[in-house]
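Please look at the predicted model shown below, and keep it in view while reading the report that follows.

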Amino acid sequence: MSKPLQVKVFRFNPESDVAPRFDDFEVPVFDNMAVLDVVIYIQNYLDRSLSFRFSCRIGMCGSCAMYVNGRARLACRTQVSSLKTRDITIMPLPNFPIIRDLVVDMEPFFDKWKKIKPYYIPKREIDAPVTVQPESNEREFIDDMLDCISCGCCYSACSMVATNKDYLGPAALNRAYTLIADKRDAIRVERLKAVDRSYGVWRCHTQFNCAEVCPKNIVPTRSIQRLKRRCVLKKFGIFK
């Protein structure tokens, strides 16, 4: 029988605890075990007070993002075997306020999304789905960037978010790029003005921390670089 996992779990209830702590648990291993299975086992059999968030279990909702062995990951998509160790440390995502234990407050993250108006606004009223032909230049190739599930991993890994609470962050800027790259959008110039600020694209230092942790293999840094180029073109009156 395989040796059990030695798991350290961050614990903190801001309403009752003076300071955070780590609790130790011994968890048996089974085949194809994910980190999400680890915390579910702890809650079911060892400590029912453990708080964490999850939903779909297939890497689509992004709700189970946690900081596992020093890296932001989706707990449902992280196999225990991939960690190459029996010692696992699980913490809440950095750069977010803690609600309780592994549950973080996503409101600051989505407040940044609201600032870039993360929804498509057509230039005219439409009452049918829009079709974009493959050879059309109406929309640039942004399919890869559209896979974002808003899990917050990139936001938690960004050192600029950690040092500047006003910085929009990689996820919101990536979303802004997908809309600005679409010529059918009615407020492309307005969106570009929203990101062309010291707390917008110019705060990114191109460290690629966001890309390293994205569970969907998106490279927000690339989107931000393209936004910077458009900001420069706008200053020369070329981008309209």
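The largest pocket of this predicted model has a volume of about 180 Å³. Eleven residues line the largest pocket, and those that lie nearest its centre are Tyr-120, Arg-124, Ile-126, Val-130 and Arg-184. The lining of the second largest pocket is made up of 13 residues, of which Val-29, Phe-30, Val-80, Ser-81 and Arg-86 are the closest to its centre. The table sets out the volume and the lining of each pocket.

| Pocket | Volume | Lining residues by class |
|---|---|---|
| Largest pocket | about 180 Å³ | six nonpolar, no polar, five charged |
| Second largest pocket | about 150 Å³ | five nonpolar, five polar, three charged |

The chain as a whole contains eight helices and seven strands, and its C-alpha trace spans about 65 × 40 × 30 Å along its principal axes. Among contacts in the chain with a separation of 6 or more, 65% are accounted for by residues 24 or more positions apart. The accessible surface comes to about 13,100 Å², and carbon and sulfur atoms hold 50% of that surface.

Of the 240 residues of the chain, 44% count as buried. How many of the residues of helix H5 (residues 170-180) are buried? Eleven of its eleven residues are buried, and helix H5 is thus described as mostly covered; the buried residues include Pro-170, Leu-173, Asn-174, Arg-175, Tyr-177 and Ile-180. The cover over the buried residues of H5 includes helix H2 (107-115), helix H3 (153-157), helix H4 (159-163), helix H6 (188-195), helix H7 (209-213) and helix H8 (220-235).

Technical notes. Residues are numbered from 1 along each chain as its sequence is written. This is a predicted model: local features need pLDDT of at least 70, side-chain atom pairs count only at pLDDT 80 or more; totals for chains, interfaces and linings use all residues. Side-chain values use heavy atoms; hydrogens and water are left out. On a 1 Å grid over the protein atoms alone, a cavity is a set of points where a 1.4 Å probe fits but cannot get out, and a pocket is an open set with protein on both sides within 12 Å along at least five of seven lines; lining residues have an atom within 4 Å of a point. Grid points are joined across faces, edges and corners, and a volume is the space filled by probe spheres set on the points. Ala, Val, Leu, Ile, Met, Phe, Trp, Tyr, Cys and Pro count as nonpolar, Asp, Glu, Lys and Arg as charged, and the others, Gly among them, as polar. Buried means under 20% relative accessible area, exposed over 50%, partly exposed in between (1.4 Å probe, protein chains only). Helices (H or I, at least four residues) and strands (E, at least two) are DSSP runs, numbered from the N terminus. Contact means heavy atoms within 4.5 Å. Accessible areas come from the Shrake-Rupley method with a 1.4 Å probe; for residues, only the protein chains shown count as cover.
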